[in-house]
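Welcome! Here is a short briefing to read alongside the structure.

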Amino acid sequence: MTSPGREPVVYVGGDDGFGTPLRRDTIMRIASISKPIVTAAALSMVDTAFHVPPDKLHRFVPQLAPGEDGLALFDPVDGMWASAPQFPLSSAGLVSTIDDLIAFTDRLRDGRLISTTSLSAMTTDHLTPQQRDDAGLFLDGAGWGYGLCVEPDGRYGWDGGLGTGWRVAGRSAHRRR
């Protein structure tokens with residue numbers, strides 16, 4: 001974050017705004033509208049947010065990660081998701097339940113969240129064969145749509161940096177470039 005003049009500015013990269021400078025009040029508007037829009041569009045997503053509220057922490061589990069002797073604690077229940085982040089990101093940091101994830105993916109696949117034209121564009125592999133080969137370690141033979149992994153058999157989804165992954169079997173196989 002920098003403060004040119006009096007306006008604090010955050011430069012957001014990747015899927016968070018493609019390097020666009022955002023003022024603090026813009027980021028707060030994103031945080032305040034993201035959940036209601038997603039919830040309203042996907043309907044019953046009542047347990048998805050940028051943090052776990054105190055009254056729901058009893059349902060949350062600690063995050064584990066590979067350690068020297070098997071799995072080790074990475075983040076406790078009262079850790080990083082127990083309070084709202086200072087700067088929520090539009091591309092990461094949501095915490096959810098399996099019921100909400102299924103509601104989201106079902107509505108995405110069935111055309112109730114976005115148009116079928118938009119879904120088709122999102123889930124079409126836009127990589128060239130060379131780009132796909134170069135990204136082999138990350139994509140393991142899959143392609144990349146607009147923010148989603150696209151498998152050769154038409155499934156699409158996301159693998160998060162903290163070990164969460166999901167795939168949706170699309171209604172039809174999507175084309176490769």
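Buried means under 20% relative accessible area, exposed means over 50%, and partly exposed lies in between (1.4 Å probe, protein chains only). By that scale, tryptophan 158 is partly exposed at 29% relative accessibility. This is a predicted model, in which local features need pLDDT of at least 70 and side-chain atom pairs count only at pLDDT 80 or more, while totals for chains, interfaces and linings use all residues. Residues are numbered from 1 along each chain as its sequence is written, and side-chain values use heavy atoms, leaving out hydrogens and water.

**Aromatic pairs**

- The structure holds three aromatic pairs; rings of Phe, Tyr and Trp (its six-membered ring) pair if their centres lie within 6.5 Å, and planes under 30 degrees apart count as stacked, over 60 as edge-to-face and the rest as tilted.
- One of them joins phenylalanine 104 and tryptophan 166 edge-to-face, at 6.2 Å centre to centre with 90° between the planes.
- Phenylalanine 104 is in helix α2 (residues 98-109) and tryptophan 166 in strand β8 (residues 165-168), so this pair ties together parts 62 residues apart in sequence; helices (H or I, at least four residues) and strands (E, at least two) are DSSP runs, numbered from the N terminus.
- Tryptophan 166 is buried at 15% relative accessible area, whereas phenylalanine 104 is partly exposed at 23%.
- Phe138, Trp144 and Trp158 form one aromatic cluster.

**Around histidine 51**

- Histidine 51 sits in the loop between α1 (24-42) and β3 (63-67) and is partly exposed, at 24% relative accessible area.
- Its C-alpha atom is 6.2 Å from that of valine 95, which is 44 residues away along the chain.
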